[in-house]
Amino acid sequence: MPNLTSFADLRAICLDLPSGHPAASGAVARREDTLTKPPKSLGRLEDLVAWLAHWQSHAPPLLDSTDVLVFAGNHGVTKQGVSAYPAEVTVQMVANFSAGGAAINQLARAAGAALRVIPLSLDEPTADFTESAALSEGEFLAAVATGYDAVSAESDLICLGEMGIGNTTSAAAIAAALFGGGGARWAGRGTGIDDEGLARKRDVIDRALTRHANVLHDPLRIAAAFGGRELAAILGATLAARRHNIPVLLDGFVCTAAVAPLFKLRTDTLAHALAGHVSAEAGHRILLDELHLKPLLDLNMRLGEASGAATALLLLRAALACHTGMATFAEAGVSDKPADEAAEPKAAG
């Protein structure tokens, strides 16, 4: 990653981004018109292939090398009683990932993707953001750099996800700071807190918004004040993917909130990213609307750990298989004319 010593350095990188390749997406669209199907009859599947080509800069696009990156971090705000599980579960789940026993292990395997789990200082939780910024400028930039450097320039596509007890509180706080509405609009039940816990979570967010009112004008400072190392790493990975022309599938609420500061800095920053799904977590659908992202799947999932993004990768593989495997009208000897155009004209008289 380019050397980062300040928020200003990171902001400059966020605002200097390559665009996609319309020639590649145009080539995909032209081939789609020749395949043995009515025009646009595969609907959004056709758009997905064009999107892949647009950001990979070649047609047809490839899904030969796909990566699932799961970043893990711990949050000091958990001491406020905002989660149904203790912070130790983050470490335990990372061990489960390593042993191959989690949902994401199965989904990544089914989707033909390589899974990497990147823990970030799990023995050093962020500060409680009701008392101070969750991350200092240096800590935030270091976590962004970790995410940035985790992205291989050789990847055809990356799926992003996270693990971190307490991180739905951080995500809700970031969303509230960026888009308004406070805890009542954004806080959900996360890992399954009861009504009392939900009320406490909303109050925690509102108190934190008041404490950090002086940074609410700056999306990157918001990410540091309310976020976590794993959220900062997701931001860095998304930024790296854009700069390497790699398309991205985002996971659920936490993952989406992690990249929302990029959108606030420059609204086209997430053009290379799609929402793999809309989760059951309160606030995710609202946040996707704010970011103008239309989810690929709606399966009532709320697990995190890139599970929705990895499941959506299967859909992309189906779309690409149709694009590359179908015959053209000419190859199949099938008329590409509607019946009224293909019919022989009647003889005169």
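Two residues are in contact when heavy atoms of theirs lie within 4.5 Å. The model shown here is predicted: local features need pLDDT of at least 70 and side-chain atom pairs count only at pLDDT 80 or more, while totals for chains, interfaces and linings use all residues. Residues are numbered from 1 along each chain as its sequence is written, and side-chain values use heavy atoms, with hydrogens and water left out.

**View 1. The sheet is open and has five strands, in the order S2-S1-S3-S4-S5.** Strands (E, at least two residues) and helices (H or I, at least four) are DSSP runs, numbered from the N terminus. Two strands pair if DSSP finds at least two bridges between them, and the pairing in this sheet is parallel. S2 and S5 (273-275) stand at the edges with a single partner strand each, so one side of each has no neighbour in the sheet. From one strand to the next, the twist averages 25 degrees; such angles run from 0 to 180 degrees between N-to-C directions, along axes that are lines fitted to C-alpha atoms, for helices over the stretch in contact.

**View 2. Strand S1 (residues 66-72) is enclosed from both faces.** Seven of the seven residues of S1 are buried, so the strand is largely enclosed by the rest of the structure. Buried means under 20% relative accessible area, exposed over 50%, and partly exposed in between (1.4 Å probe, protein chains only). In a regular strand the side chains alternate between the two faces of the sheet. Here Thr66, Val68, Val70 and Ala72 point one way, while Asp67, Leu69 and Phe71 point the other way.

View 3. Look for Phe71, which stands opposite Glu162 in S3.

View 4. Ile158 has Val248 in S4 as its bridge partner.

**View 5. Glu230 is buried yet has no salt bridge.** This residue belongs to helix H11 (residues 229-243). A salt bridge would need a side-chain nitrogen of Lys or Arg within 4 Å of a carboxyl oxygen of Asp or Glu; the nearest side chain of opposite charge, Arg229, is 7.4 Å from Glu230. The side chain of Glu230 does make polar contacts with the side chains of His75, at 2.6 Å, and Asn167, at 3.1 Å. A polar contact is a pair of N or O atoms within 3.5 Å; within protein, one must be able to donate a hydrogen and the other to accept it, and residues adjacent in sequence count only if both atoms are side-chain atoms. Leaving aside neighbours within four places in sequence, Glu230 is in contact with residues including Phe71, Ala72, Leu120, Glu162 and Met163.

**View 6. Ala233 is another residue of helix H11.** Its relative accessibility is 0%, so Ala233 counts as buried. Not counting residues up to four places away in sequence, Ala233 touches Phe71, Leu120, Ala143, Val144, Gly147 and Tyr148. Ala233 and Val70 are 163 residues apart along the chain, with 9.6 Å between their C-alpha atoms.

**View 7. Ile286 sits in helix H13 (residues 284-290).** Ile286 is partly exposed, with a relative accessible area of 31%. Beyond neighbours within four places in sequence, its contacts are Arg185 and Trp186. Ala175 is 111 residues from Ile286 in sequence and 9.7 Å away in space, C-alpha to C-alpha.

**View 8. Helix H2 (residues 22-32) packs against two other helices.** Its buried residues are Ala24, Ser25, Gly26, Val28 and Glu32. They pack against H3 (44-56) and H14 (307-325).

View 9. Most residues other than glycine have a negative phi, and most peptide bonds are trans.

Key
Lys and Arg count as positive and Asp and Glu as negative; His and the chain ends are not counted.
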